[in-house]
Amino acid sequence: MITPDTTPGASRKTRILARLFDIRNIIAALIGIYGILLVLAGLMPDAFGTREHRPRDANRVDMAAGTDANTWVGLIMVAVAAVFVIWALWRPLVSDPGADGEQKATMS
(Lines give C-alpha, C1' and ligand atoms only; values in the text may rest on other atoms or scores of the structure.)
Protein backbone atom coordinates (compact mmCIF):
# COMPACT_ATOMS: atom_id res chain seq x y z
CA MET A 1 0.00 0.00 0.00
CA ILE A 2 1.38 3.40 -0.97
CA THR A 3 1.03 6.11 1.63
CA PRO A 4 0.84 9.69 0.44
CA ASP A 5 3.44 12.21 1.58
CA THR A 6 1.75 14.19 4.34
CA THR A 7 4.63 16.62 4.83
CA PRO A 8 4.63 19.14 1.98
CA GLY A 9 7.69 20.86 3.44
CA ALA A 10 9.83 17.75 2.96
CA SER A 11 10.05 18.16 -0.81
CA ARG A 12 10.87 21.86 -0.41
CA LYS A 13 13.55 21.00 2.14
CA THR A 14 15.01 18.42 -0.25
CA ARG A 15 15.13 20.99 -3.06
CA ILE A 16 16.86 23.54 -0.83
CA LEU A 17 19.45 20.99 0.33
CA ALA A 18 20.05 19.83 -3.25
CA ARG A 19 20.74 23.41 -4.34
CA LEU A 20 22.86 24.18 -1.28
CA PHE A 21 25.11 21.16 -1.71
CA ASP A 22 25.32 21.43 -5.48
CA ILE A 23 28.97 20.90 -6.44
CA ARG A 24 28.93 24.11 -8.49
CA ASN A 25 28.10 26.15 -5.39
CA ILE A 26 30.83 24.47 -3.36
CA ILE A 27 33.42 25.08 -6.08
CA ALA A 28 32.26 28.69 -6.41
CA ALA A 29 32.62 29.23 -2.66
CA LEU A 30 36.13 27.81 -2.55
CA ILE A 31 37.36 29.69 -5.60
CA GLY A 32 35.67 32.87 -4.39
CA ILE A 33 37.26 32.70 -0.93
CA TYR A 34 40.73 32.15 -2.37
CA GLY A 35 40.14 34.90 -4.92
CA ILE A 36 39.11 37.40 -2.25
CA LEU A 37 42.19 36.53 -0.19
CA LEU A 38 44.43 37.05 -3.22
CA VAL A 39 42.82 40.40 -4.02
CA LEU A 40 43.36 41.51 -0.43
CA ALA A 41 46.95 40.29 -0.53
CA GLY A 42 47.50 42.23 -3.74
CA LEU A 43 45.88 45.44 -2.51
CA MET A 44 47.32 45.39 1.00
CA PRO A 45 50.72 43.68 0.81
CA ASP A 46 51.86 45.22 4.10
CA ALA A 47 49.15 43.36 6.01
CA PHE A 48 50.49 40.01 4.80
CA GLY A 49 54.16 40.90 5.28
CA THR A 50 55.23 40.71 1.64
CA ARG A 51 56.76 44.19 1.51
CA GLU A 52 59.18 43.52 4.35
CA HIS A 53 61.15 41.08 2.22
CA ARG A 54 63.62 42.96 0.05
CA PRO A 55 65.83 41.06 -2.34
CA ARG A 56 69.50 41.90 -2.16
CA ASP A 57 69.74 43.04 -5.76
CA ALA A 58 66.31 44.80 -5.68
CA ASN A 59 65.39 43.56 -9.12
CA ARG A 60 62.40 45.55 -10.44
CA VAL A 61 60.84 42.53 -12.14
CA ASP A 62 60.90 40.49 -8.93
CA MET A 63 59.40 43.34 -6.92
CA ALA A 64 56.58 44.13 -9.38
CA ALA A 65 55.50 40.57 -10.17
CA GLY A 66 54.20 39.69 -6.70
CA THR A 67 51.57 42.30 -5.90
CA ASP A 68 50.13 42.77 -9.38
CA ALA A 69 49.92 39.04 -9.97
CA ASN A 70 48.01 38.50 -6.72
CA THR A 71 45.50 41.20 -7.61
CA TRP A 72 44.86 40.01 -11.16
CA VAL A 73 44.68 36.32 -10.36
CA GLY A 74 42.37 37.09 -7.42
CA LEU A 75 40.04 39.13 -9.63
CA ILE A 76 39.97 36.34 -12.22
CA MET A 77 39.15 33.78 -9.52
CA VAL A 78 36.30 35.95 -8.19
CA ALA A 79 34.95 36.25 -11.75
CA VAL A 80 35.13 32.46 -12.25
CA ALA A 81 33.30 31.97 -8.94
CA ALA A 82 30.60 34.38 -10.13
CA VAL A 83 30.24 32.36 -13.36
CA PHE A 84 29.74 29.17 -11.32
CA VAL A 85 27.06 30.85 -9.18
CA ILE A 86 25.27 32.23 -12.25
CA TRP A 87 25.43 28.77 -13.85
CA ALA A 88 23.95 27.16 -10.74
CA LEU A 89 21.13 29.74 -10.66
CA TRP A 90 20.49 29.48 -14.39
CA ARG A 91 20.38 25.67 -14.48
CA PRO A 92 19.38 24.51 -10.98
CA LEU A 93 19.26 20.90 -9.91
CA VAL A 94 15.81 19.36 -9.83
CA SER A 95 15.32 16.35 -7.60
CA ASP A 96 12.87 13.86 -9.06
CA PRO A 97 11.66 10.84 -7.11
CA GLY A 98 12.45 7.67 -9.01
CA ALA A 99 10.28 4.61 -9.38
CA ASP A 100 11.98 2.93 -6.43
CA GLY A 101 11.53 5.96 -4.15
CA GLU A 102 15.11 7.26 -4.40
CA GLN A 103 15.74 10.91 -5.09
CA LYS A 104 17.58 11.53 -8.34
CA ALA A 105 19.05 14.96 -9.04
CA THR A 106 19.00 16.13 -12.63
CA MET A 107 19.71 19.46 -14.25
CA SER A 108 16.67 21.20 -15.65
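Start by selecting Ala 28: leaving aside residues up to four places away in sequence, Ala 28 touches Ala 81, Phe 84 and Val 85, where contact means heavy atoms within 4.5 Å. Before going further, note that this is a predicted model, in which local features need pLDDT of at least 70 and side-chain atom pairs count only at pLDDT 80 or more, while totals for chains, interfaces and linings use all residues. Residues are numbered from 1 along each chain as its sequence is written, and side-chain values use heavy atoms, with hydrogens and water left out.

**Stop 1: Ala 28**

Keep Ala 28 selected and colour its helix, α2, which covers residues 23-43. Helices here are DSSP runs of H or I with at least four residues, strands are runs of E with at least two, and both are numbered from the N terminus. Ala 28 is buried, at 5% relative accessible area. The cut-offs are under 20% for buried, over 50% for exposed and in between for partly exposed, using a 1.4 Å probe and protein chains only.

**Stop 2: Arg 24**

Stay in helix α2 and select Arg 24. Is Arg 24 buried or exposed? Its relative accessible area is 4%, so Arg 24 is buried. Show Asp 22 as well; both Arg 24 and Asp 22 are buried. The two form a salt bridge, with the closest N and O atoms 2.6 Å apart. The rule asks for a side-chain nitrogen of Lys or Arg within 4 Å of a carboxyl oxygen of Asp or Glu, and by that rule the count is 1 salt bridge.

The side chains of Arg 24 and Asp 22 also make a polar contact at 2.6 Å. That term covers a pair of N or O atoms within 3.5 Å; within protein, one must be able to donate a hydrogen and the other to accept it, and residues adjacent in sequence count only if both atoms are side-chain atoms. Next, bring up the backbone of Arg 91: its oxygen lies 2.9 Å from a polar atom of the Arg 24 side chain.

**Stop 3: the aromatic pair**

The structure holds 1 aromatic pair. Phe 84 and Trp 87 form this tilted pair, 6.0 Å centre to centre with 55° between the planes. Rings of Phe, Tyr and Trp (its six-membered ring) pair if their centres lie within 6.5 Å, with planes under 30 degrees apart counted as stacked, over 60 as edge-to-face and the rest as tilted. Phe 84 and Trp 87 are 3 residues apart in helix α3, so about one helical turn separates them.

**Stop 4: Thr 71**

Move along helix α3, residues 60-90, to Thr 71. Thr 71 is buried, with 14% relative accessible area. Apart from residues up to four places away in sequence, Thr 71 touches Leu 38, Val 39, Gly 42 and Leu 43.

**Last stop: the whole chain**

Zoom out to view 3 helices and 2 strands, in the order α-α-α-β-β along the sequence. Of the 108 residues in the chain, 17% are buried.
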